[in-house]
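Please look over the sequence and model below before reading on.

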Amino acid sequence: MRFNSSIISKQPFEVIQLKDEQTGTAVEIYAMGALLNSFKVPVKDGYQNVIDGFANAEAALQEITYGFKSAKLSPFVCRMANGQFTINAHTYTVGKFYLGNHAIHGLVYDAIFEVVNLHANDYGCTVGLHYQYKGDDKGYPFPFELLINWKLQANQTVSVTTSVKHHGNSPIPYSDGWHPYFALGTAIDECTLQFSSNKKVEFDERLLPTGVLIDDNRFEQGMLLKDVNLDNCFVLNSQQPAKCVLKNQLLELRITPDKAYPYLQVYIPPHRKSMAIENLSSAPDAFNNDMGLLLLQPDQYYIFSTTYSVKAL
């Protein structure tokens, strides 16, 4: 059988490997946050891991809030102003992680998911992970469940699908996303970035949206990232195929989100060895500015998917 899925470690949480035995392409998924920690693809001189992940599972437990590498963003994405929002005339204050004055990156980035299925055949392999959020944070007392499915297929292609559902009596606010950092074997300054957008979300000095969209078409035809600083959110052009391409002389990474992820957050950290490319269902602080905010109806599934494909050049 060409593909294989297996649990390769169980402590301090389960680590799952998805592998293409024909090419050696291998993906490592952590049950913590259901995050993608490694995506190794064949290159001329061996293999390249295109994910800037953690050294091991123990490091992930200790370091997840330092950069939130590959974190699952749920039930809110990026920053929430002062960790507060108001719904149905009630103001809530999130109690989890703050950067300065603002809550960031949701509530489940360090949650331990349950592995609910492993499957493999000659066409691909998958792992399903489940988590029941019980409303433990007083700032988001709305239980919901997540089912995340990772799939590895031929041509160095990985897809991830998130299904969200709740059983409450009334709609609940929600945003979804991912926070992976990608590294193509060189400094980011040697890479080009291309995606379909001509609108950028204006941020204030707190890196929170003002509600205004700014014209910015720098990346429509592709742009070299040398000396470019990014910590921005873009609105993808709904009239064009959604794609984002990060490329250098060695590799091309193509990210293809579905319509459920109309926003793209991009961030280059100071070390410039990797960059975060984040598919989001809403803009940051959507619980307050309503830019893409969803109100999940009871007992309905909401589905979000994106695909990562890598090829050697």
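## Largest pocket

Start with the lining: 17 residues surround the largest pocket. Arg79, Leu99, His105, His179 and Tyr267 lie nearest its centre. The model is a predicted one.

By class, the lining of the largest pocket holds 9 nonpolar, 5 polar and 3 charged residues. The space in this pocket comes to about 300 Å³.

## Second largest pocket

The second largest pocket has a volume of about 160 Å³. Its lining includes Val43, Lys44, Asp45 and Gln48. Leu184 also lines this pocket, along with Gln249, Leu250 and Leu251. Ala312 and Leu313 belong to the lining too.

Here the lining residues split into 6 nonpolar, 2 polar and 2 charged.

## Cysteines

How many disulfides does a search of the whole structure find? The search finds 0. A disulfide needs a pair of cysteine sulfur atoms within 2.5 Å. For Cys78, the closest cysteine sulfur is in Cys233, 6.7 Å away, so the two are too far apart for a bond. Cys244 is in no disulfide either; the nearest cysteine sulfur, in Cys191, is 11 Å away.

Are Cys78 and Cys244 buried or exposed? Buried means under 20% relative accessible area. Cys78 has 4% relative accessibility, so Cys78 counts as buried. Cys244 has 2% relative accessibility and therefore counts as buried.

Terms used
Residues numbered from 1 in each chain as written. Predicted model: local features only at pLDDT ≥ 70, side-chain atom pairs only at ≥ 80, totals over all residues. Heavy atoms only, no water. 1 Å grid on protein atoms, 1.4 Å probe; cavity = no way out; pocket = protein on both sides within 12 Å on 5 of 7 lines; lining within 4 Å. Points joined across faces, edges and corners; volume = space filled by probe spheres on them. Nonpolar A, V, L, I, M, F, W, Y, C, P; charged D, E, K, R; others polar. Buried < 20%, exposed > 50% of the residue type's maximum accessible area, 1.4 Å probe, protein only.
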